[in-house]
Amino acid sequence: EHLLARIERLDGTLNSFITVTAEQALAAADAADAARARGEAGALTGVPVAIKDLFCTEGVLTTAGSRMLADFVSPYDATVVERLKAAGTVSLGKLNLDEFAMGSSNENSAFGAVKNPWDSRAVPGGSSGGSAAAVAAGLAPAAMGTDTGGSIRQPAAFCGITGLKPTYGRVSRWGIIAYASSLDQAGPMARSAADCALLMNAIAGHDHRDSTSVARGVPDYTEELAAPLAGLKIGLPREYFGDGLAPEVEAAVREAVKVYESLGATVREVSLPHTHYAIPAYYVIAPAEASSNLSRYDGVRFGHRCKNPSDLIDLYKRSRAEGFGEEVKRRILIGTHTLSEGFFDAYYKKAQQVRRLIRQDFLDAFEEVDVLMGPASPTPAFDLGANKDPVAMYLQDIYTIAVNLAGIPGISVPAGFAGGRPVGLQILGTHFAEPRLLNVAHQFQ
Ligand code: GLN
């Protein structure tokens, strides 16, 4: 009730929710109280959460931030949603995002931009901007996000919260509206690493309905939180501290690294030599996969359908022209081009080869150090409307997207402020090193 009242009072300005499910939330809270009375409460019983509107939720609007799905009510729950329910959490509703998770500022939503709770002139980041803003504003203690190229870590950084992108395959993607399937991963966003660990306990693990989900035991993510950091080997990638990094962001990150040194960690410089290929490789692979995934929105089976089509082709064309926003159309066009005959080898295949090199850079670095640290984003949150050029916006993702290309986990933790806006420290580990990342993040907080 407290949070629903807060949402009512504050979200008119913030715009972090697309749908608030007040009635269902109150019913779920009653059920949680009853479970507690029976002595059946787990760590998350009765804990309110909110869900990025990219996760299918049974009987509740699931829009993906798009006009295309503005009226779409999912007939089933995503695996993550199912598992959160089973853990006893209480969903408050569905959170705003960039359309189909394409963006870095939440300005690409058909439901309007979200404001950064720290400064209403600033963007909250994207694409999980609603998730980050809702947690930062105290409208929900935790939220679910997805991260294809930084969409959990960058908004977490911009809003001063903690966000974990797990290893590719660690969390089931079943029932999450697909953007770029070889990169998409779901993860928790909350106020602390400890809260993220509790959520990971609920959502991680194999799911036979997602062929990319990994059949591998799930640890208790809270177990190693308090482990001492003496002897931890930290690598600072040279390429993450170069041109384009705002001096105040760099200062905050270096300050954070000093804290780790005082806890007994050793620090050395490492190199990820193919870093500068990450943005071009990602912006070939992600649009290619998106153009394929989004071909299902044809006006026939579900989603927006234009009025009075003259024939089938007209139905396709107008439904898609009316349903998709500008950035989504741009990505579909890029992806369709790079996948077309005569261009595939030059673009998509080449980008996949580069992706291998990027992955190898990380694996080589993790031979020498336990974790990598750097900024989550080159600048703090920028002003709404300030980044009009799509390529300038893509360059924002410089420190986050290589991680998705490599499939490794990454976490962003609050590390002070630059110009009054939060800065995120990004910590990266090798595949399935989430317990280590949570441990390292927890010790800083
Ligand atoms: N900003 C990146 C993009 O627009 C990443 C988005 C994401 O991680 N979903 O594709």
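Reader: Which helix holds Leu363?

Author: Leu363 sits in helix α11, residues 345-368. Keep in mind that this is a predicted model.

Reader: Is Leu363 buried or exposed?

Author: Count the C-beta atoms around a residue. With 12 or fewer within 10 Å, a residue is called exposed. Leu363 has 12 such neighbours, so Leu363 counts as exposed.

Reader: How far apart are Leu363 and Ile408, in sequence and in space?

Author: They are 45 residues apart in sequence. From C-alpha to C-alpha, the gap is 9.4 Å.

Reader: In what sense do β5 and β10 pair?

Author: Strand β5 (162-165) and strand β10 (410-418) are antiparallel, over three bridges. Gly163 stands opposite Ser412 in β10.

Reader: What about side chains along a strand?

Author: In a regular strand, they alternate between the two faces of the sheet.

Reader: Which strands pair with β11?

Author: β10 and β11 run antiparallel, joined by seven bridges. Strand β9 (371-375) is also antiparallel to β11, with four bridges.

Reader: How many residues lie between β10 and β11 in their hairpin?

Author: Two. Gly419, in the turn, has a positive phi of about 60°.

Reader: How many residues of β11 are buried?

Author: Eight of its eight residues are buried, so β11 is mostly covered under the cut-off of 20 or more C-beta atoms within 10 Å.

Reader: And which residues of α4 are buried?

Author: Gly129, Gly130, Ser131, Ala132, Ala133, Ala134, Val135 and Ala136. That is eight of eight, and α4 is mostly covered. Just after α4, Gly138 takes a positive phi of about 70°.

Reader: What is the general rule for phi and for peptide bonds?

Author: Most residues other than glycine have a negative phi, and most peptide bonds are trans. Look for the exceptions.

Reader: Where is Asn106, and what is its phi?

Author: Asn106 is in the loop between β3 and α4. Its phi is positive, about 65°, although Asn106 is not a glycine. Asn106 is buried, with 35 other C-beta atoms within 10 Å.

Reader: What is phi at Phe432?

Author: Phi of Phe432 is near 65°, again a positive value in a residue other than glycine. Phe432 lies in the loop between β11 (421-428) and α14 (434-444). Phe432 is partly exposed, with 18 other C-beta atoms within 10 Å.

Reader: Which peptide bond is cis?

Author: The bond from Gly126 to Ser127 is cis, with omega near 5°.

Reader: Where does UniProt place the "active site" feature?

Author: The unreviewed UniProt entry places it at Lys52, Ser127 and Ser151. These positions span 100 residues in sequence, yet no two of their C-alpha atoms are more than 10.9 Å apart, so they gather at one spot.

Reader: What surrounds Ser127?

Author: Ser127 is in the loop between β3 (90-95) and α4 (129-136). Ser127 is buried, with 34 other C-beta atoms within 10 Å. Beyond four places in sequence, its contacts are Leu97, Asp98, Ala101, Met102, Gly103, Asn106 and Ser151.

Reader: And what does Ser151 touch?

Author: Leave out residues up to four places away in sequence. Ser151 then touches Ala101, Gly126, Ser127, Ser128, Gly145 and Thr146. Ser151 is in the loop between β4 (142-146) and α5 (153-159). With 37 C-beta neighbours inside 10 Å, Ser151 counts as buried.

Reader: Which residues come nearest the ligand?

Author: Of the 13 residues around the ligand, Ala101, Ser104, Thr148, Gly149 and Ser151 come nearest. By class, the shell has four nonpolar, seven polar and two charged residues.

Definitions and conventions. Residues numbered from 1 in each chain as written. Predicted model: local features only at pLDDT ≥ 70, side-chain atom pairs only at ≥ 80, totals over all residues. Near = placed C-beta within 6 Å. Nonpolar A, V, L, I, M, F, W, Y, C, P; charged D, E, K, R; others polar. UniProt positions renumbered as here; feature names shortened; annotations may be inferred. Contact = placed C-beta atoms within 7 Å. Pairing = 2+ DSSP bridges.
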